[in-house]
Each structure stands twice: as C-alpha cells, then as structure tokens.
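Subject: Handover of a structure and notes on what was found in it

Dear colleague,

Please find below the sequence and structure that I am handing over to you. My notes on them follow, arranged by topic.

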Amino acid sequence: MSGFFKSSIGRKYAMALSAFFLMFFLLQHFAINILSVFSPDAFNEASHFMGTFWAVQYVLQPVLIFGVIYHFVMGFILEAKNRSARVKKYAKNNGAANSSWMSRNMIYSGLAILAFLVLHFIDFWIPEINTKFIDGDMTGLLPNGEGFRYYEELVHKFENPLRVGAYVIAFIFLSLHLMHGFSSAFQSAGASSMRKEKLQLFAKVYSISIPLGFIFIALFHHFNH
C-alpha cells in the first residue's frame, strides 16, 4: 500500500481524496456563512456550536489542517514532476494545444489560494484560537456579554474595501482552480467515462456557485455594515 502512494498514480489518487475532503469542507463552511446573510442569530448559534463542540475542535480541525497542508505540498510535488516531464514532451509537440490554460497553471491559482488562506487564518482562525485556548474564553460572547460575537466579528472584517477586494480576487482564483481540479479529482479517483459529462456539469456548477456565494457574502456585509 505504501508503495502505491509513492507511485505517480498513487500520488494523484491521494491528491484526489484530499481534494474531495476540502471541497466537502468548503461546502459546509459556505452553508454556515450564508446564514449570516439571512439570520445573524442562526449564524451565531451555528458558529458557536462548530467552535466549541469537542469533535470539531479536537478531531476534525486537526484533520482539516493536515488536509490543507497535504493538498498543497502534494500539489507542488506533482506540479514539479509534471513540469519536468513536459520539457521533453514539449520538444516534440505543442502540449498547450492539448490542454487548457488552467490545467497548465494550477500552481499559480494554488499559490493565490494559499495566500488567501494565510489572510483568512490571520483574520479569523488565529484570533479564534487565541480567544479560546490562550485567553480561555469559550463562551463566544461579546465583551459586554450581550450576545455572541461571531456575527459582529464577521461584519467588522468586511468593512475594509481592500480586504473585500482580496477576498473577491481569491475566490475567482478558487473558482478557476476548482473548475479543473474537480473534474481531475474524479478522473484520478477512477470515475468512468460514461459519467464524464454529468461529472463535468456538476463540477462547473459547484466551481462557480460556491465561490460566487462567498463573494456575495463578502459584498453583502461590506455594503450593509
């Protein structure tokens, strides 16, 4: 089994599994964040549950962090190997004619998403960890004790137009990344060619609607804060 995951096919398969996991998390993350548009109270309740439930904090959160790191590290490794292989291939034929721009430049969209994740961690995750595990405040309440703080913190972050612009650009790159990555993950996982068209349609819907939904959330709170 260890030999399989050291092979090129094994690495791609593992990459696909990590991609599916991250795409599921992205969907769950969106489902909670969209609540902030319709019901601040529902968003606060969901955020508090996710932020204090032991299984999420001590099991799923470490797995998520590992999944993010693994996906990016493996992505860079596969990209380096692919670029090395293309040197000889491109000397014989025009590789660009047989592949999309996105498939040849996944590394750049990945780097843009990685930069966004650093910003997102600085904005939300690190302050949350500091409040809960360093300050020891697991109540989730505002300083005055009148209600949960999650909605107020979210809205405050989207007041700055530069930050909102960075989020919008990052989610455009995410959409492009998902557009190719989703269908590629299905292919690496062994999906049959008969399902290819349906999977491509599903990949396009997901890749456009989820990032667009996050952009809508950011713009909504920016213009209504």
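Please keep in mind throughout that the model is a predicted one. With a relative accessibility of 46%, Y108 counts as partly exposed, because that class covers the values between 20% and 50%. Y108 and H177 are 69 residues apart along the chain, and their C-alpha atoms are separated by 9.1 Å.

Overall architecture

The secondary structure of the protein chain amounts to 10 helices and zero strands. Read along the sequence, the pattern is therefore α-α-α-α-α-α-α-α-α-α. The chain has 225 residues, and 38% of them count as buried.

How does the span of helix α4 agree with its number of residues? Helix α4 comprises the 13 residues 40-52, and at 1.5 Å a residue it should span 18 Å. The expected span is 1.5 Å times one less than the number of residues. The C-alpha atoms at the ends of α4 are 18 Å apart, which agrees with that value. Within α4, the residues F43, N44, A46, S47, H48 and G51 are buried.

Regions annotated in UniProt

An unreviewed UniProt entry places the feature "transmembrane region" at residues 55-78, 106-126, 164-182 and 203-223. In the model, residues 55-78 are 100% helix and 0% strand, and the C-alpha atoms at the ends of this span lie 32 Å apart. Residues 106-126 are likewise 100% helix and 0% strand. For residues 106-126, the distance between the end C-alpha atoms is 27 Å.

A nonpolar patch on the surface

Which residues form a nonpolar patch on the surface? They are F49, F53, W54, Y58, V59, L60, V63, F133, I134 and M138, and together they have about 1000 Å² of accessible area. Helices α5 (54-92) and α7 (106-134) each supply at least two residues of this patch. The most is given by α5, with five residues. One of the patch residues, F133, has its place in helix α7. F133 has a relative accessible area of 36% and is partly exposed; it can belong to the patch because patch residues must have over 30%.

Salt bridges

Side chains of opposite charge can pair when their charged atoms come close. The structure holds four salt bridges. In one of them R163 pairs with D123, and the closest N and O atoms are 2.8 Å apart. R163 lies in helix α9 (residues 161-188) and D123 in helix α7, so this pair ties together parts that are 40 residues apart in sequence. Are the two partners buried or partly exposed? R163 has a relative accessibility of 23% and counts as partly exposed, whereas D123, at 5%, counts as buried.

A second salt bridge joins the side chains of K132 and E128, at 3.8 Å from N to O. Both residues lie in helix α7, four residues apart, which is about one turn of the helix. An α-helix has 3.6 residues a turn, so residues three or four places apart point the same way. Both K132 and E128 are buried.

E128 also meets R149 in a salt bridge, at 2.9 Å from N to O. Here E128 lies in helix α7 and R149 in the loop between α7 and α8 (150-157), so the pair ties together parts that are 21 residues apart in sequence. R149 is buried, as is E128. Taken together, E128, K132, R149 and E153 are linked in a network of salt bridges.

Aromatic residues

A pair of aromatic rings is described by the distance of the centres and the angle of the planes. The structure holds 13 aromatic pairs. Among them is the pair of F148 and Y150, which is tilted, with 5.9 Å from centre to centre and 45° between the planes. Y150 is buried, with a relative accessible area of 8%. Elsewhere, F30, F116, F158, Y167, F171 and F214 form one aromatic cluster.

With kind regards,
A colleague

Terms used: Residues numbered from 1 in each chain as written. Predicted model: local features only at pLDDT ≥ 70, side-chain atom pairs only at ≥ 80, totals over all residues. Heavy atoms only, no water. Buried < 20%, exposed > 50% of the residue type's maximum accessible area, 1.4 Å probe, protein only. Patch = residues over 30% accessible without salt bridge, like charges linked within 9 Å, V, L, I, M, F, W, Y side chains within 5 Å. Areas by Shrake-Rupley, 256 points an atom, 1.4 Å probe, with all protein chains shown as cover. UniProt positions renumbered as here; feature names shortened; annotations may be inferred. Phe/Tyr/Trp six-rings, centres within 6.5 Å; stacked < 30°, edge-to-face > 60°.
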